[in-house]
Amino acid sequence: MLLWYILLHTKTNRDRYVVLVPKAISILNKIPKQGSYILMRNGERITARQIAYVLEKYAEREGTATKSTHKMRKTYASMLNTNSVPLDCIREMLGHSSLSTTLGYVYNPLTESETYNLISQAL
């Protein structure tokens, strides 16, 4: 089942739709309900900066490289693109009005070997 939710607090103050796939829904359902927001602490919604801080600490604890939330957006866009999600759909999900802005977010996240295999399959 495909669900869409509206995020009310965007940089451009426009509606943005986020697709919640089953794995994301499963993770979100594990979070105890505390109020009107999904992520809350002591009755207050957790800010974007607080979420970024938690992600940074988790990466440090796991011994992995820390990524900023903006780099995560680029990875998200790139993985969608690599898996054949239409660019216009990616543009909408990122909240961009221009496709050229979205193209600035997309890079090849695959290894050389994975890229070579895709090229071989295509040709």
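Predicted model: local features only at pLDDT ≥ 70, side-chain atom pairs only at ≥ 80, totals over all residues.

Where does Asn-42 lie? I find Asn-42 in the loop between E3 and strand E4 (44–45); helices (H or I, at least four residues) and strands (E, at least two) are DSSP runs, numbered from the N terminus.

Residues are numbered from 1 along each chain as its sequence is written, and side-chain values use heavy atoms, with hydrogens and water left out.

**Overall fold.** I get six helices and four strands for the protein. Along the sequence the pattern reads β-β-α-β-β-α-α-α-α-α. Of the 123 residues, 15% count as buried (under 20% relative accessible area; exposed is over 50%, partly exposed in between, with a 1.4 Å probe and protein chains only).

**Positive phi.** Back to Asn-42: its phi is near 55 degrees, a positive value in a residue other than glycine. Asn-42 counts as exposed because its relative accessibility is 73%. I noted Ser-84 too, with phi near 70 degrees, again positive and not a glycine. Ser-84 is in the loop between helix H3 (69–82) and helix H4 (87–94), and at 63% relative accessibility Ser-84 counts as exposed.

**Arg-91.** Is Arg-91 buried or exposed? Arg-91 counts as buried, because its relative accessibility is 16%. Arg-91 is found in helix H4, and its side chain joins that of Asp-88 through a polar contact of 2.8 Å (a pair of N or O atoms within 3.5 Å; within protein, one must be able to donate a hydrogen and the other to accept it, and residues adjacent in sequence count only if both atoms are side-chain atoms).

**Rings.** I looked for charges over rings (NZ of Lys or CZ of Arg within 6 Å of the ring centre and within 35 degrees of the ring normal). The charged end of Arg-45 sits over the ring of Tyr-37, 5.7 Å from its centre. Lys-74 has its charged end over the ring of Tyr-105, 5.7 Å from the centre.

**Leu-39.** I placed Leu-39 in the loop between helix H1 (22–29) and strand E3 (40–41). With a relative accessible area of 34%, Leu-39 is partly exposed.
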